[in-house]
Structure formats: structure tokens, C-alpha cells
Amino acid sequence: MNLNLTTTIKCNPDLKNTWQMVYASQLYGTFFAVYAKIVANKDEKCMNSIDLKLINYKGPINLGIHEATYNVKRKKISIIDHMNGNSLTINVLSVTLWIRALTEQDGCEKPITIEQSINEDETYLEINRKLLPLSENGNCVVDGVFDSEFYYRDGLSKPIPKKLDEISGLSSWKKYNSLDKEDEGNVELLGPGGICPRGYAKIIF
């Protein structure tokens, strides 16, 4: 089935050096976009590899790609088409993208080897964005920057962690640092930084 709200990416050898937008969102007040440079075999309908690049646009905090992985087990998912509210099942080629703020380098690039044949006519590149906290030690302030995606604060009150069941995100603090664990099915993204956690781009050969 088709999504009614999606972007597209072309897997054309002539575009192997072209960066195509696959995801955009906002974190820590910074609007950013993620672009993909794709190497593919058009005749065999096979996507060989993806290079991902994050570009920061307006906003005070530099964001970067900490890690990116291809989730080979996640191929078919059920989602809601937000244009009409209907539930539908789509085929996906899923990439998990871990974002971290306060990166010294603006943006960052990450290559991913995929080697995946696209056998279905309607297949989407899924960007499954996850956010890492500013501090690996549980500090709410790093280099003078308050981690507003993971904590609340109000004047003199002690900052408190945002409850994971109140907003979109992950299931526990521990999983934020478990980069080797991949979602195998239709898992809800719960936790801080949950706004716009996923993006879909229809793959065209």
C-alpha cells in the first residue's frame, strides 16, 4: 500500500554523488536535515550502500550523527497514514540513526553497507531517529547547556528527568546507550526527543 505523505529517493547510478533529503526535524531548538548519498544497482534493484550526512540549519546547538545502523530484520511494518488516519502495512528498508547534540564537527557523515535487493514495488527507506542525552553520566548540564530534551527545570527546583511514558521515546535509560540493539518489529518510539522520530522516503529505481 502507498503512504499519502512521503518524500522520494531515486536509486540511480547517475545520482551516486547526489545528496538526497530523507529526514528533517528539530531538537534542542535546532532545525536539521539528514541527506543520503546512495549507491545502487538499478538493473538488479539492489541498494548497496548509503552515506548519511546531517546538516544543521537554524538553531544554537550543533547536532551530529553518533551512530547509524541498518536493521536487516525490520522489513514490514504497520503504521498510521496521518493524512487519512488509516492503518496500513508497508515494506521498509530501515536505518536507525542515533543523534547527539554538542558535537564539535558540524553535521558528520556516516556510511552504511546494506546490500539489499528491493523485491517489492512499494518499499520505503525508514529513518528511525533516536536521541542520546548530552551526558553519558546522567548530568543535566554539559558545558553550560541544559539538557532540555531529557529534563524539566523550573527556577530553583531541582531538575527532574522527563518521564518516558509522557512523550515519544525509548523504554529505559539503559537502551539509549545500547547501540547494538535493533528493533525487530513495529516498536513504538517512547522517550525524550520523540517529536518526528521517523521519516519515510519512497524508493524509486
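A salt bridge is counted where a side-chain nitrogen of Lys or Arg lies within 4 Å of a carboxyl oxygen of Asp or Glu. Side chains of opposite charge can pair when their charged atoms come close. In this model, which is predicted, Lys-202 and Glu-122 form such a bridge, their closest N and O atoms being 3.0 Å apart. Lys-202 belongs to strand β14 (residues 198-204), while Glu-122 sits in the loop between β8 (109-117) and β9, so the pair ties together parts that are 80 residues apart in sequence. Lys-202 counts as partly exposed, at 21% relative accessibility, and Glu-122 is likewise partly exposed, at 22%.

The structure holds four salt bridges, and another of them joins Glu-126 to Arg-74, with the closest N and O atoms 2.7 Å apart. Because Glu-126 lies in strand β9 (residues 123-131) and Arg-74 in the loop between β5 (63-70) and β6 (76-81), this bridge ties together parts that are 52 residues apart in sequence. Are these two partners buried or exposed? Glu-126 is buried, with a relative accessible area of 0%, and Arg-74 is buried too, with a value of 1%.

A further bridge links Arg-100 with Glu-136, where the closest N and O atoms are 3.3 Å apart. Arg-100 is in strand β7 (residues 86-101) and Glu-136 in the loop between β9 and β10 (141-142), so here the parts that are tied together lie 36 residues apart in sequence.

Lys-162 is in the loop between β13 (160-161) and β14, and it is buried, with a relative accessible area of 15%. Its C-alpha atom is separated by 8.0 Å from that of Glu-149, a residue 13 places away along the chain.

With these pairs in mind, the reader can step back to the whole chain. How many helices and strands does the protein chain have? There are zero helices and 14 strands, so that, from the N terminus on, the elements run β-β-β-β-β-β-β-β-β-β-β-β-β-β. Of the contacts between residues at least 6 apart in sequence, 66% join residues at least 24 apart. Buried residues make up 46% of the 205 residues in the chain, and the accessible surface comes to about 10900 Å², of which 48% belongs to carbon and sulfur atoms.

The next topic is the interior. In soluble globular proteins, nonpolar side chains tend to be buried together. The largest nonpolar core in this model has 39 residues, and those with the most contacts inside it are Tyr-28, Met-47, Leu-52, Leu-93 and Leu-125. Leaving aside neighbours within four places in sequence, Met-47 is in contact with residues that include Ile-9, Cys-11, Ile-38, Leu-93, Ile-114, Gln-116 and Phe-205. A second, separate core of eight residues includes Ile-77, Leu-88, Ile-90 and Tyr-124.

Gln-116, one of the residues in contact with Met-47, is found in strand β8. Gln-116 is buried, with a relative accessible area of 19%, a value that falls under the 20% cut-off for that word. Not counting residues up to four places away in sequence, Gln-116 touches Lys-45, Cys-46, Met-47, Tyr-70, Lys-75 and Leu-93, and its side chain makes a polar contact with the side chain of Lys-75, at 3.3 Å.

Finally, the confidence of the prediction deserves attention. The chain averages a pLDDT of 81, and 81% of the residues score at least 70. Among the elements, confidence is highest in strand β2 (residues 20-27), at a mean of 94, and lowest in β6, at 84. Over residues 165-191, however, the pLDDT is below 50, although this stretch has 77 contacts in the model beyond near neighbours in sequence. Where pLDDT is low, the predicted coordinates should not be read in detail.

Conventions
Residues numbered from 1 in each chain as written. Heavy atoms only, no water. Helix = DSSP H or I, 4+ residues; strand = E, 2+ residues; numbered from the N terminus. Buried < 20%, exposed > 50% of the residue type's maximum accessible area, 1.4 Å probe, protein only. Contact = heavy atoms within 4.5 Å. Areas by Shrake-Rupley, 256 points an atom, 1.4 Å probe, with all protein chains shown as cover. Polar contact = N/O pair within 3.5 Å; in protein donor to acceptor, adjacent residues only side chain to side chain. pLDDT = per-residue confidence, 0-100. Core = buried A, V, L, I, M, F, W, Y, C linked by side-chain atoms within 4.5 Å.
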